[in-house]
Amino acid sequence: MINNLFAHPALPLAIGSLLIFLFKEKSNQISIISILISLFVLLFITDNVDYVYTNSISVINYFSYSKLAYLFCLVFLIMGLIGKLFSIYRDSYKEKAMVLLYISSAIFVLFSGDFLTLYIFWEVMAIASTMVIWSSNSEDSKSAGNRYLIMHLLGGMILLLGIIGLYIDTNDLQIRLLSLDTWYNWMILAGFLLNAGAPPFSHWISDAYPEGSYSSTVFLSAYTTKTSVFILIATFAGSHVLMLIGIYMIMYGIIYALLENDIRRILSYSIVNQVGFMVVGIGIGTELSINGTAAHAFSHILYKGLLLMSAGSVIYMINKRKCTDVGGLYKTMPITAICGIIGALAISAFPLTSGFISKSMIVDASIHEGMELIWLMLLVGSAGVFLHAGIKFPWFVFFHRDKKIITTDPPVYMKYAMIIASSICIIIGIWPELLYSLLPYNVDFIPYSGNHIVSQLHILFFSALAFFISLKYLERTLTLTLDIDWLYRGKIKYIKKIMKYIINIITNTNNAFSFLVLKNKFDVFENYLLKQNTISTMLILILITFAVSLLINIS
Amino acid sequence: MNDRNKIIYILIVLVNITPYLYVFYDFKKVSFNIDNVIGFYPIFGFIACIALIIIAKCLALILKKEDTYYD
């Protein structure tokens, strides 16, 4: 039993990330070997292995196996391996170590059996992913990482408050299906949804992910949002409010992506869009829709990784990231273009790709439940995906106006990574049974029925027609689109001004009454507030939350 | 004829061919009454896309700023 405690697929990755700091030159080898060991451990996990550690406070369930967690862990590791292959030429050992820690914490979340373990690794995941963004070492990535971390610590706090409420009320922290009838369950839901990119905070995905380096964005796209999808399946499957949230995310992703100019930001918006499909599937909550959601998460991680790898190759080779700067690259980067197009077809659920066999399950689930409006919105979403990611991305990057850029395909390992990912997309598309056998429920579903193929092809071809007819109006311009982050972004100077003003008033009153001792303290306080950045403020807020929770517990 | 027009014509041809796939498949209608209308999927997909583009363009009037807005 004690020996088995160490048989956790996340542990080799955590150890690997520490080893990278010791042996900086061997970072690639350590990364790949530790992921392979993790895969090995995962394949030898048998059913019914709950390592429960009991203490006086609660039951801490460090490792709880489920078929769903196995599926997610498998795709996390496959994507990790492909991504590591892709990032071999990136010479930043910090990024490589942090990516391993990030994957490791995501897998810990998958296998955690109680909310406390989940919360701890949830926060580790937030911090590790911020480090991954920061490792890009540009000014933009610094500020984007700050905004990302604040957003996630805020979500973590909301989640923690929910978990505290749950514990006080039920005295049970086991992860289980929750119903939305109490305030703390709503807070837990909000905490999870924030990580999934739900409204009103969908912007953090497109704000932070494109600021990573060409290789780190591949990893960032895979783990945070999909961990959140996993945990939503485990805790809130069948909550109908999720359908509305999912529909909003689908539409948000399409509309913002249509207006966007930055290549990777377009793909980030389409993450929101695709996670929207999954959230709708969770909201429907039947066996078919849960299967569909899990399958869609699996295929999404791979084709999104593929798309971001082809975008990353373009950025690696010509160091340009805007649609207005590129074009006509299919002549000079044929393999990148082909892989990018396969990814684009997969994301638009073209028949014979992985997207088709997973998305049609979610769409069919809405039909089986008789939800006509949801079904129609999913159709609009399907058409829109082809519009914004399926055609727009490859068209503006690889075709459109030939900018006569002289370059070649990326180096050999990057090509291998893209080719492997695109082969998996097609293999799953042709033999869906491979994926279906791993799904949590038994699958009685035929993706390649006449109805599915014909309706999907019709929708796709006519979306393409709509795209080319309105191409004139979709020309990219050097602009950005405002989002909800306008409310606080760049406003820190006003907050500082207001704080300074308040502190001045306090100090002046202070002087007037000449409480000299107090005045000194206020000086310290003022210096502190003005010099420390927002992150330490957030950390203090978390500490305060802990203190409050202790107080509640005592009383 | 430029590239764009060529693509549009190819698409129109493809789109006209696909309905004949109906012949080869045994159709089981599992959906709602609305998709029994002939040409529902193509028309719906087309209108949906145009509508999305129009909505995006309208939002752009309010939300679009120079890309140095936050600098």
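Student: Is Cys73(A) buried or exposed?
Tutor: Cys73(A) is buried, at 0% relative accessibility. Buried means under 20% relative accessible area, exposed over 50%, and partly exposed in between, with a 1.4 Å probe and protein chains only. This is a predicted model: local features need pLDDT of at least 70, side-chain atom pairs count only at pLDDT 80 or more, and totals for chains, interfaces and linings use all residues. Residues are numbered from 1 along each chain as its sequence is written, chains are lettered from A and ligands numbered from 1 in the order in which they are written, and side-chain values use heavy atoms, leaving out hydrogens and water.

Student: How many disulfides over all chains?
Tutor: The count is 0, taking a disulfide as a pair of cysteine sulfur atoms within 2.5 Å. Cys73(A) is in none; the nearest cysteine sulfur, in Cys425(A), is 19 Å away.

Student: New topic. Where is Ser206(A)?
Tutor: In helix α8 of chain A, residues 203-208; a helix here is a DSSP run of H or I, at least four residues, numbered from the N terminus. Ser206(A) is buried, with a relative accessible area of 3%.

Student: What does Ser206(A) touch?
Tutor: Not counting residues up to four places away in sequence, Ser206(A) touches Arg265(A), Ser268(A) and Tyr269(A), where contact means heavy atoms within 4.5 Å.

Terms used: Helix = DSSP H or I, 4+ residues; strand = E, 2+ residues; numbered from the N terminus.
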